[in-house]
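Here's a quick walk through one protein structure. Keep the sequence and the 3D view open as you read.

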Amino acid sequence: MLRRWLNMSEHLNLPFYEKEFERKKRGGSRIKPREDRKHFFEIQIRKLGEIKKDFDKDKERFKQFFDPNLLFKIELKQHVSEEDFRKFLERNKIQIVSPSPEGIGYWISLAKNENLDEVKKRLEEYGKDDEKEAKYKDIFDAIEKFDVIPPEDKIGERLKENPLQKGKEYYLDIEIWIMEKETLDKFLVGFEKLIVHENGQITDKLVTDNLCILRVKINKSLFDEIIKLKEISRIDRPPKPYITYQMLSSPLEGFNVGDSPPNDATAIAVLDSGILSNHPLLEKAVGDEIAVPFLYSNKIKEDKPQDDVGHGTEVAGIALYGDIKKCIGEKIFQPEVWILSAKIMFKNEDGEAEYFPEELLEHQLEKAVRYFATTYHNFKVVNLSLGDMDKKMFGDQRQFPLAILIDELAKEYNIVFVISAGNLDFTNLLPKYPKEYPNYLIEERKEVKIIDPASSAYAITVGSIAQEFGPSDIDPKEILFSPAKTNYPSPFTCVGPGYKGMIKPELVEEGGNIIFSPKDLKKFEDIGSKLIVLNHKWIEDEKLFAVSYGTSLSAPKVANYIAKLFNHFPNYSSNCIKGLLLASAEIPSDRPSPLEGINFNDSNTKLIDLLKVYGYGKPNFDVAKSSEHNRVLLLAENKIKLNSIHLYYFYLPKEFVEINGEKEISVVLVYNPPIAGNRSTNYFGSTMEYHLFKNAEIEEVIECYKNIKKEIDDVVPNELKLKEIDLHPGVNIRKRGIHQKGINIYLNKPDIDTYKPLVLAVISKDNWIKDDKKLQDYAVVVTIKHKMKIDLYNLIRQQIQQRVKIKQ
């Protein structure tokens, strides 16, 4: 049985309604009331008494050092307006210290009145049967309980895995809840007195508007005492280094280096500073290397097209292997793709990298792509980890020439470009970092936007998220800190949106971090914040590996995924390959405030802040490659006439609807229209969109679309609007680009009749092509996912097979 659940399965075909017809042109949730308010009042009055009693013990325990603050938890069982909730608490002399990331859950609160008189009075009014007396009924209806903050809630993962032992001293990191400045300062003075009195040390401290972290050296006895303090939000062991010098110095003999990839394996073109093709971890997978400025030229260049900068070798190593740290850990380097190197970057006489001065960069790119496309049948992916930092996509900026060229070449050769979003000029951001992280990424300011050519519509643009990091060779007494935790946006990543509001970047991957030391800004360059890459000076340094960071290293990992998907699905189009990878992506749940409170069921206005940083999220190669029992991908590739509608349909198993647990429906559409850079309104020759309907037979959907009046431009008939499943982001944001993904996450039982199909309407519109015979290629991927162990895969497959038999 266990084997059955672990098996990966082929994706299913999305059933297509075999008739094409022309398209004629032209709520908030209610809080559930509580049934027994008097019983709730009695229990919560007792809870508040327990909170007060626990607080009085703390006052007595720590009175010689400081006056403790009365912090406690409020658990919400229903969503309420945070603004209304804050106002309610303020009226009761309670401040919110830390809201629940999801709204529902625990909110950390600080009482200004130690006796909690105001909230007790409101509770008493609520407990009465008289509706008029209950002024804050909705708020109390949403509250599950008041509670103390238990010590175990504060212990970090590393400390849980490796608890303190008696008789030893340990360095620990302590996070303090952010309170009003006067309150916080007063606590810190007293807390330091406590630590010193008990023979401990505070070796470092970092306080910003949003952070308060202490590095302490204490024993287990003192730990057991301070863990009771409600002002402490978290205690953990200091982070470990992400990498070690031992990894960088690992000898070649310690690795199993596999044979060359098969001849027909996908080739990735890396347009960069060249590669060191004789690097022992590259040499078996280099298909070709060229110096682009001298391609088709009679000029003689003494230098070979090898890497004299180092950047290209770093990028190529990740494009080849994906995760080099993982390969080192497993001691296996098995090339699965080919690398084609195009050198367009050189080291000048001053030792700086530059492009060849006599030739346009656009021309070099075009020559390289055409050479590889006409020479190698397996060339399908281009990685561009470069760009122009002075050209930012912001406001009404026109599309950049290099981006337009990329769109043209991608369509002409049916290849996939993967482009890094770009790195911020961090020297200009030092006054804002770490204090204003991540707000400077969210605010609409030109300096943080994606660079040219990351705005390419056809390209998969990749931003950077942080990986696990830690200090490497510094004094353990000193805090080495980054506000960017694992899966948070890298402090240097550029953000969207893209041209004309397209969702950019589409994906994010690990690209490194920026660590911070208040005492020494040179710690920005510490090894602990970087990724392992191949070392282009491996002979000179006697090390196979080096470290680096940047979105330049995020992009080739995505290129690696795409190339391996082409290996697995050699007959799929670029549209379909991109669709599968986008379908696999998920935005990490661990995110910094204010992004932590945004989810895919929020309004477009809120969601856009999340999308412009994370795009559709971090991709997962295994998810893109195969379906599983409780995660099913249905896909279709097709061609559609302009101004026409295609319909697809499938039935959800009743188990999907009826069994409790988070469930998700998502739809991805990718298409490849002609483009025109000289058009201000319609960059695409045709546009496409989709709508998903529930509780309707397919014949009903057909009739509704046939009856749309010519003068109405709304593509959703009025009769179907109440039956449309809301996918987020909304259609008006999705259809700005050619990589469209809409998601609906159900936390409760969805209102879906499983006896009727879900019907997907895929719609095309002619903007300026004006050719009735023209067909538009596209791919669509539908994902059905449930968190519980339900065999959705076989249930959906059986229904498709049965209905095909009936149809035949």
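## A loop residue to start with

Where is the place of Asn199? Asn199 lies in the loop between α7 (181–197) and β8 (201–207); helices (H or I, at least four residues) and strands (E, at least two) are DSSP runs, numbered from the N terminus. Its phi is near 65°, a positive value in a residue other than glycine. Asn199 is also exposed, with a relative accessible area of 64% (buried means under 20%, exposed over 50%, partly exposed in between, with a 1.4 Å probe and protein chains only).

Before going on: this is a predicted model, where local features need pLDDT of at least 70, side-chain atom pairs count only at pLDDT 80 or more, and totals for chains, interfaces and linings use all residues. Residues are numbered from 1 along each chain as its sequence is written, and side-chain values use heavy atoms, with hydrogens and water left out.

Then come the cis peptide bonds. One goes from Tyr437 to Pro438, with omega near -5°, and Pro438 sits in the loop between α14 (426–429) and α15 (439–442). Another goes from His728 to Pro729, with omega near 0°; Pro729 is in the loop between α22 (698–706) and α23 (731–734).

## The cores

The largest nonpolar core has 174 residues, and Phe417, Phe545, Ile562, Leu634, Leu760 and Ile784 are those with the most contacts inside it. (Such a core is a set of buried Ala, Val, Leu, Ile, Met, Phe, Trp, Tyr and Cys residues joined through side-chain atoms within 4.5 Å.) Helix α17 (residues 551–568) gives the most to this core, with nine residues. A second, separate core of 33 residues includes Phe65, Ile176, Phe187 and Leu188.

Helix α10 (residues 311–321) is mostly covered: eleven of its eleven residues are buried. After it comes Gly322, with a positive phi near 85°.

α10 and α17 pack at an angle of about 35°, with their axes 7 Å apart (axes are lines fitted to C-alpha atoms, for helices over the stretch in contact, and angles run from 0 to 180 degrees between N-to-C directions). Residues of α10 including His311, Glu314 and Tyr321 meet residues of α17, among them Ser552, Lys557 and Asn560; contact means heavy atoms within 4.5 Å.
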